Amino acid sequence: MDRLPGRVALVTGAASGIGQAIATRLASEGAAVLVTDVQDDAGTEVAQGIVAAGARAAYVHLDVASETEWRSAVTAAVEMFGRLDILVNNAGMGDLATIEETSLEDWQRTIAIDQTGVFLGMKSAAEALAASGHGSVVNISSIFGSSGGFGTSPAYHAAKGAVRTLTKNTALHWVDRGVRVNSVHPGFIDTPILASAKGTPFEQAMIDVTPMGRLGLPAEVAAGVAYLASDDASFVTGLELYIDGGYMAR
């Protein structure tokens with residue numbers, strides 16, 4: 001499909017996994033993509049791969065917890081490609097600790113990346129997105145932004161829940177500026193971060209609680225993002241899109 005010709009997207013956490021799949025999919029739909037991450041070598045390779053496939057892309061280092069780096073990344077997108085139409089806040093981190101095991105430092109770091117990074121991204125890109133005429137923000141939350149999961153990872157759940165509500169809040173605030181804001185909530189997705197779980201009881205547990213009986217693919221999440229970023233979703237804002245194999249329907 002070719003739904004995004006002439007559009008420019010900035011994708012965070014795009015060096016691997018879901019972020020890489022999103023960047024690649026948006027490029028395949030015609031968008032120029034600014035790949036951002038803290039993994040510089042991997043991020044550069046993703047951007048080079050997109051260019052080799054005939055699309056436009058570049059890589060910029062971005063720690064999403066840094067307001068200064070966010071401003072630089074948005075400026076880079078506009079200077080390199082002339083505009084910014086699509087922002088995908090995908091970068092994130094998690095852990096498996098319980099609330100008793102979670103230190104204040106660990107809590108604050110997870111919140112800084114998973115929650116504050118989304119706030120900073122939208123704040124920094126607000127002017128450019130409003131000038132687009134086709135502004136679209138897709139915030140990657142999680143099934144654990146709406147459920148208690150397994151009772152672990154309190155900082156991750158709190159942050160992803162905040163992203164869910166912040167998305168709706170900003171969608172209402174920007175509705176008259178022509179900028180749509182939606183959230184995507186992946187379930188258990190087969191990404192490199194789960195490589196160590198392959199063939200273990202932990203992987204089987206994720207499969208067992210997923211009604212479709214398998215892990216999702218990064219490309220399946222990317223397909224949902226591409227829809228929300230495009231004019232096919234022109235009447236869609238404040239939506240929670242669950243790409244979870246039926247997990248939340250249980």
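Trainee: Is N139 buried or exposed?
Mentor: N139 is buried, with a relative accessible area of 0%. Buried means under 20% relative accessible area with a 1.4 Å probe, protein chains only. Keep in mind that this is a predicted model: local features need pLDDT of at least 70, side-chain atom pairs count only at pLDDT 80 or more, and totals for chains, interfaces and linings use all residues. Residues are numbered from 1 along each chain as its sequence is written, and side-chain values use heavy atoms, with hydrogens and water left out.

Trainee: Where does N139 sit?
Mentor: In strand β5, residues 135-140. Strands are DSSP runs of E, at least two residues, and helices are runs of H or I, at least four; both are numbered from the N terminus.

Trainee: Which side chain makes a polar contact with the side chain of N139?
Mentor: That of N89, at 2.8 Å. A polar contact is a pair of N or O atoms within 3.5 Å; within protein, one must be able to donate a hydrogen and the other to accept it, and residues adjacent in sequence count only if both atoms are side-chain atoms.

Trainee: New topic. Which residues line the largest cavity?
Mentor: N89 is among them, along with T12, W70 and V118. The volume of the largest cavity is about 30 Å³, counted as the space filled by probe spheres set on grid points joined across faces, edges and corners. On a 1 Å grid over the protein atoms alone, a cavity is a set of points where a 1.4 Å probe fits but cannot get out; a pocket is an open set with protein on both sides within 12 Å along at least five of seven lines; lining residues have an atom within 4 Å of a point.

Trainee: Which helix gives the most to that lining?
Mentor: Helix α4, residues 104-132, with three residues.

Trainee: And the largest pocket, how much space is in there?
Mentor: About 1,200 Å³. Its lining has 42 residues, and G92, M93, G94, Y156 and I193 lie nearest the centre. Among the elements that each supply at least two lining residues are β2 and α5.

Trainee: Why is β2 described as largely enclosed?
Mentor: Because six of the six residues of β2, residues 32-37, are buried. Both faces are covered: A32, L34 and T36 on one side, V33, V35 and D37 on the other.

Trainee: Which strand is joined to β2?
Mentor: β1, residues 8-11, which runs parallel to β2 and is joined by four bridges. V11 stands opposite V35.

Note on methods. Buried means under 20% relative accessible area, exposed over 50%, partly exposed in between (1.4 Å probe, protein chains only). Two strands pair if DSSP finds at least two bridges between them.
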